[in-house]
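Reader: I have a structure to go through with you. Can we start with the metal site?

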Amino acid sequence: MIIFDLICADGEHRFEGWFGSSKDYAEQQARGLLDCPVCGSKNIAKAVMAPNVGRKGNQQPAAVRPADDQPESRTALPVSSKVAVPVEYQEMIGKLVKVQETMLANSEWVGDEFADRARDIHYGDAEEKSIHGTASQEEVADLAEEGIAALPLPLPVLPPKSKN
Ligand SMILES: [Zn+2]
């Protein structure tokens with residue numbers, strides 16, 4: 001999953017788009033599927049990479065995954081209504097986004113099968129590999145008891161396109 005900051009050439013409106021890969025972005029752009037949520041312009045390009053954490057209510061991500069494609073158990077995130085976002089905060093989140101992308105670059109999304117898959121790998125029933133997905137607090141606690149580490153990710157992860 002890649003987050004691109006996008007910008008429209010007509011009004012210089014910045015907004016955020018989520019894509020499965022750079023190729024996804026290129027395809028959606030080539031097919032004219034991207035448009036500016038502010039003015040509707042189809043003249044969209046990538047802006048300098050930085051998450052738009054101070055998003056206002058009238059700006060929507062360009063390519064949000066459909067709701068039924070998201071994991072059912074989503075962790076509630078602490079949020080603040082403070083509108084003026086310090087630059088340091090934006091930079092920090094930007095770094096966090098990159099760190100998490102790097103962490104997950106060679107990791108397989110396994111959705112809510114995380115606990116089972118982690119167990120298989122731990123006990124040698126499956127090939128050793130890096131995986132990420134969703135797990136309940138109980139599952140994480142059970143894994144910890146069995147000596148299997150599950151690192152909470154700093155940012156929410158949207159599942160890649162379902163393959164069915
Ligand atoms: Zn615009």
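Reader: What coordinates the zinc ion?
Author: Cys8 (SG), His13 (ND1), Cys36 (SG) and Cys39 (SG) do, at 2.0 to 2.3 Å. Donors here are N, O and S atoms within 2.8 Å of the metal (3.2 Å for Na, K and Ca), and water is not among the atoms, so sites may look incomplete. This is a predicted model: local features need pLDDT of at least 70, side-chain atom pairs count only at pLDDT 80 or more, and totals for chains, interfaces and linings use all residues. Residues are numbered from 1 along each chain as its sequence is written, and side-chain values use heavy atoms, with hydrogens and water left out.

Reader: How are the donor residues spaced in sequence?
Author: The pattern is C-x4-H-x22-C-x2-C. Histidine 13 lies in the loop between E1 and E2, and cysteine 36 in the loop between helix H1 (22–30) and E3, 23 residues apart, so this pair links distant parts of the chain. Helices (H or I, at least four residues) and strands (E, at least two) are DSSP runs, numbered from the N terminus.

Reader: Is cysteine 36 buried or exposed?
Author: Buried, at 3% relative accessibility. Buried means under 20% relative accessible area, exposed over 50%, partly exposed in between (1.4 Å probe, protein chains only). Histidine 13 is partly exposed, at 23%.

Reader: Now the strands. Which strands does E1 bridge to?
Author: E1 runs antiparallel to E2 (residues 14–19), with 6 bridges, and antiparallel to E3 (residues 44–46), with 3 bridges. Two strands pair if DSSP finds at least two bridges between them.

Reader: What stands opposite isoleucine 3 in E2?
Author: Tryptophan 18. In E3, lysine 46 is the bridge partner of leucine 6.
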